[in-house]
Amino acid sequence: MTVLFGQLFTGISIGAVLLLIALGLALTFGQMNVINMAHGEFIMAGAYTTYVLQQSITGAGLSLAVALPVAFVVAGTMGVLLEVLLIRRLYARPLDTLLVTWGVSLMLQQLARDVFGSPNVQTRAPELLTGNVALPGGLTIANNRLFILALALAAVAALTLALRLTPLGRRIRAVVQNRDLAAVSGIATARVDRTTFFVGSGLAGLAGVALTLLGPIGPTMGTNLIIDAFLVVVVGGIGQLKGSVIVAFALGVLQATGEYLTTLSVAKVIVFVAIVAFLQWRPQGLFTLRTRSLA
Amino acid sequence: MSLFRGRRILAGAMTLVAAAAMTACGSKTTDEGGATGVTADVSGDTVKVGLLNSLSGTMAISEVTVRDSIMLAVEEINAAGGVLGKKIQPVGEDGASDWPTFAEKAEKLISEDRVAAVFGCWTSASRKAVKPVFEKNKALLFYPVQYEGLEQSPYIFYTGATTNQQIVPGLDYLKSQGAKSVYLVGSDYVFPRTANKIIKAYAAANGMTVLGEDYAPLGSTEFGTIVNKVKSSGADAVFNTLNGDSNVAFFKEYKSAGLTAAGMPVVSVSIAEEEVKGIGTQYLEGQLTAWNYYQTTPGAANSKFVAAYKAKYGADKPTSDPMEAAYVGVHLWKAMVEKAGAFDVEKVRAASDGITFDAPEGLVTVDGKTQHIAKTARIGKIGADGLITEVWNSGKPVAPDPYLKTYPWASGLS
């Protein structure tokens, strides 16, 4: 029973990680239709930001707290640069965007290798986040997993509120639903695109900070995550945040259950088979955005 | 329409890649040398040796350090007058973490550069890829990394540990500490699976229970479930044969699940000083590793090796077991050649038995029959400073036994 509950929590926390890495992509890919293969490298940038900050800020807790906003800005700025310099010139050419951003991803990886060296680097996690909460029945819940879950939920909540309530959010939704109509209504679509890209990439940076608590920090860490992130967004449905949220947790629990009953490799196969089957049934994803746009 | 065109472009690209791969495979089947073998070119006042390591790709992290220590050994030998009066001229090739490339570059070093010996390879996959090339050309490879055993090529000298010099002593140590049950965690490829087969046979014969066995694909970084399984098994210890990035995720998860080195120690066979740096001592402090050499190993030979390495490559660079084994390989080859009085491969092989070298890890002796070397087995504990300190050693060099013939419990293996 305790194992079962432990597994359920593991599944939810895998889901939280998936959600956190996919959230930024849900914005740039889901809302703007830009296939950004360099999204994983923005995650990497967030992780390295934590590492760099820790060289000067000694307290592990403080440096993590500082890293969250700084990584958001660092990755967001990288995203804006990418958008202004390359992606803006390639809108409506998805295949070219895919190749160009993949090239950018390789360049950023090599840059990380040149600056930080190819071996992984280490960061110190605050002691609080390396412990766990003991529940009755010998069950424990890891603090770093709780932290990531909280961070993911907070990010979703903030993003949802921003999209619903703020003027910027309204403009973003207007551009997603009908770009031309938004433009003729006086919305500066280019500026909205840039802002959306800043936020989406910034969220990747946030994910990078969180991942330093769980996994390796190295030049190739982004490539391992990018596929999972795309899976979540594609299955969740383009243009909707709630699809990504539900799918992230569903895939997390499926993965954890499959892995518990079989092995990690087989669980991955189960997840992929489930995704393929699901997309046969609903190629448009879990939720779709219904608009009157002709595009 | 545009999507359709995109797919056609993709299909075209795939075809190109496939064609390129087939060409690459084809080129390694050239049959130069034939049955007589290629003789090394030693006519000048230098002798060429080949250095075959991955300088790019996923294995570069590890293999570059091996290349560096081979170069250090070559420089030392040249400074002392060379081999048989000839200076060593190293010829470097990049295996690019790609096994067919290793085979191709090995062929090039042997047939075109006509080197007297090749030093390199890291993964068992790359060794298995070049093995037929060396055997066909009757050329020599010095392989520096601990491996899964059950191999004995006449044209390879294995200067890293075989299973009875690393894994078996690791199990002996756990047994002596009172461990009655173990949980096995490893990456999903040949080395961990073979190693775990051996561990299970050992456990069955020594009254140990294997409570579980889990494999993660290489590069996997999600260990929530595996650590849950390990924890609920209540094993006395964990035997870890994970490789690469997976170790980072595994140990972070291990610590946050509340598991400790005191409560359930993990014995790892693929974590050396360099890897400790990348995982973080916060997560590794107190955990155990099984190797034959640590940077902290006492002795004049090691102080000299560590000082020379740091002087050449930087004070922050640690030395590790595979680097040491590669360094030893070059010096052993020199000793073999000098005993044989020639660079000829068959004469070098014949002269190899009983060659000794005062290595950083202590005295090592070449066993001419298996072409492995007798090494002292060591268990170390990872400290807060990232260095590994020895907690146990075998007292004397352990004779290599790649097929575990001297262990009755291993009779059913291979």
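Helices and strands here are runs assigned by DSSP, numbered from the N terminus. With that settled, here are some close-ups of a predicted model.

**Figure 1. Chain A, read from one end to the other.** Of the 295 residues, 48% count as buried. Take the contacts in chain A between residues at least 6 apart in sequence: 77% of them join residues at least 24 apart.

**Figure 2. Helix H9 of chain A, from end to end.** This helix covers residues 189-211, which makes 23 residues. From its first C-alpha to its last it reaches 33 Å, close to the 33 Å expected at 1.5 Å a residue. Is H9(A) largely enclosed or largely open? Well, 18 of its 23 residues are buried, so H9(A) is largely enclosed by the rest of the structure.

**Figure 3. A:Arg171 and the residues it touches.** You'll find A:Arg171 in helix H7 of chain A, which runs over residues 167-177. Leaving aside residues up to four places away in sequence, A:Arg171 touches A:Ile187 and A:Val192. Does A:Arg171 count as buried or partly exposed? A residue needs 20 or more other C-beta atoms within 10 Å to be buried. A:Arg171 has 19 C-beta neighbours inside 10 Å, so it counts as partly exposed.

**Figure 4. Chain B as a whole.** Chain B has 13 helices and 15 strands. For its 414 residues the globule rule gives 22 Å, and the radius of gyration of chain B is 22 Å, close to that value, so chain B is as compact as a globular protein of that length. Along the principal axes its C-alpha trace spans about 70 × 65 × 45 Å. Buried residues make up 52% of chain B. Among contacts in chain B with a separation of 6 or more, residues 24 or more positions apart account for 71%.

**Figure 5. An open sheet in chain B.** Seven strands line up here in the order S7-S6-S8-S9-S10-S14-S15, with mixed pairing. Which strands sit at the edges? They are S7 and strand S15 (388-393) of chain B, and each pairs on one side only. Ignoring direction, neighbouring strands of this sheet are turned by 25° against each other on average.

**Figure 6. Strand S8 of chain B and its two partners.** Strands of a sheet pair through backbone hydrogen bonds, either parallel or antiparallel. Strand S6 (residues 181-187) of chain B pairs with S8(B) in the parallel sense over five bridges. One example is B:Gly186, whose bridge partner in S8(B) is B:Thr241. S8(B), residues 237-241, also runs parallel to strand S9 (residues 266-268) of chain B, and three bridges join them. In S9(B), B:Val266 is the bridge partner of B:Val238, and B:Val267 is the bridge partner of B:Phe239.

**Figure 7. The two faces of S8(B).** In a regular strand the side chains alternate between the two faces of the sheet. On one side of S8(B) are B:Ala237, B:Phe239 and B:Thr241, and on the other are B:Val238 and B:Asn240. They are all buried, which leaves both faces covered.

**Figure 8. Helix H3 of chain B.** With 13 residues (99-111), this helix reaches 19 Å from its first C-alpha to its last, close to the 18 Å expected at 1.5 Å a residue. Its buried residues include B:Phe102, B:Glu104, B:Lys105, B:Leu109 and B:Ile110.

**Figure 9. Where chain B touches chain A.** Here 31 residues of chain B are in contact with 33 residues of chain A. Elements giving two or more residues to chain B's side include helix H2 (60-79), strand S7 (209-216) and helix H8 (245-256) of chain B. Which element gives the largest share? That is H8(B), with six residues. Sorted by kind, chain B's side has ten nonpolar, 13 polar and eight charged residues.

Key. Residues numbered from 1 in each chain as written. Chains lettered and ligands numbered in written order. Predicted model: local features only at pLDDT ≥ 70, side-chain atom pairs only at ≥ 80, totals over all residues. Contact = placed C-beta atoms within 7 Å. Helix = DSSP H or I, 4+ residues; strand = E, 2+ residues; numbered from the N terminus. Nonpolar A, V, L, I, M, F, W, Y, C, P; charged D, E, K, R; others polar. Expected span 1.5 Å × (residues − 1). Buried ≥ 20, exposed ≤ 12 C-beta atoms within 10 Å, placed from the backbone. Pairing = 2+ DSSP bridges. Axes fitted to C-alpha atoms, helices over the stretch in contact; angles between N-to-C directions. Rg over C-alpha atoms; globule rule 2.2 N^0.38 Å.
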